Amino acid sequence: MSSGNNSYGDIHRYEPARESTTAAIAIVLLTVIEVVLVGMFTYGLTSGWGLDPFGNMFLGGLLALVFVDLSFILLLYRKEFLPDVMIVKKRRRKWEDLYVREEDVHGTQSGGDAWENVKRAVYPYYKR
């Protein structure tokens with residue numbers, strides 16, 4: 001769905017989320033696996049598996065699996081349950097964010113009127 005309105009902040013395209021049941025079931029199963037992995041990691045950490053070199057590698061692998069599983073949960077959630085929205089934004093040129101005032105686009109004079117430069121640096125909203 002696309003709208004013909006192009007003022008800033010308007011929604012240009014909105015596609016609702018699919019919200020499939022299969023994705024919801026997959027997220028629940030991945031969450032159960034996540035809880036089991038976090039439980040194993042916590043048990044291994046508290047029982048001292050990290051003191052043994054093999055146990056330390058096993059804990060590192062469990063921690064990696066925890067984050068990989070979490071990434072799949074977030075990926076499924078973003079893809080299936082968040083709508084795709086494109087908002088019209090103002091296009092800015094590369095140099096616009098570098099300067100505070102429009103008259104400073106071409107740069108300022110080095111060392112010219114040093115007291116004014118100090119006042120502007122200390123108080124950026126200085127009125128003329």
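**View 1. Overview and confidence of the predicted protein chain.** The protein chain has an average pLDDT (the predictor's confidence in each residue, from 0 to 100) of 80, and 68% of the residues score at least 70. This is a predicted model, in which local features need pLDDT of at least 70 and side-chain atom pairs count only at pLDDT 80 or more, whereas totals for chains, interfaces and linings use all residues. Residues are numbered from 1 along each chain as its sequence is written, and side-chain values use heavy atoms, with hydrogens and water left out. The secondary structure comes to 3 helices and 2 strands, arranged along the sequence as β-α-α-β-α; helices (H or I, at least four residues) and strands (E, at least two) are DSSP runs, numbered from the N terminus. Confidence is highest in helix 1, at a mean of 96, and lowest in helix 3 (residues 114-122), at 71.

**View 2. Helix 2 and its buried residues.** Helix 2 has 29 residues and reaches 42 Å from its first C-alpha to its last, close to the expected 42 Å, a span taken as 1.5 Å times one less than the number of residues. Gly55, Leu59, Leu62, Val66, Asp69, Ile73 and Glu80 are buried in helix 2, where buried means under 20% relative accessible area, exposed over 50% and partly exposed in between (1.4 Å probe, protein chains only). Helix 1 is included in what covers these buried residues, with contact meaning heavy atoms within 4.5 Å. Of the 128 residues of the protein chain, 14% count as buried.

**View 3. Leu70 and Leu30.** Leu70 lies in helix 2 (residues 53-81), and it counts as partly exposed because its relative accessibility is 34%. Leu70 and Leu30 are 40 residues apart in sequence, yet their C-alpha atoms are 8.0 Å apart in space. Among contacts in the protein chain between residues at least 6 apart in sequence, 66% join residues at least 24 apart.

View 4. Val28, Val32, Val36, Met40 and Phe58 make a nonpolar surface patch of about 420 Å². Helix 1 (residues 21-47) supplies the largest share of the patch, 4 residues. Met40 is found in helix 1 and, because its relative accessibility is 34%, counts as partly exposed.

Notes:
Patch = residues over 30% accessible without salt bridge, like charges linked within 9 Å, V, L, I, M, F, W, Y side chains within 5 Å. Areas by Shrake-Rupley, 256 points an atom, 1.4 Å probe, with all protein chains shown as cover. Salt bridge = Lys/Arg side-chain N within 4 Å of Asp/Glu carboxyl O.
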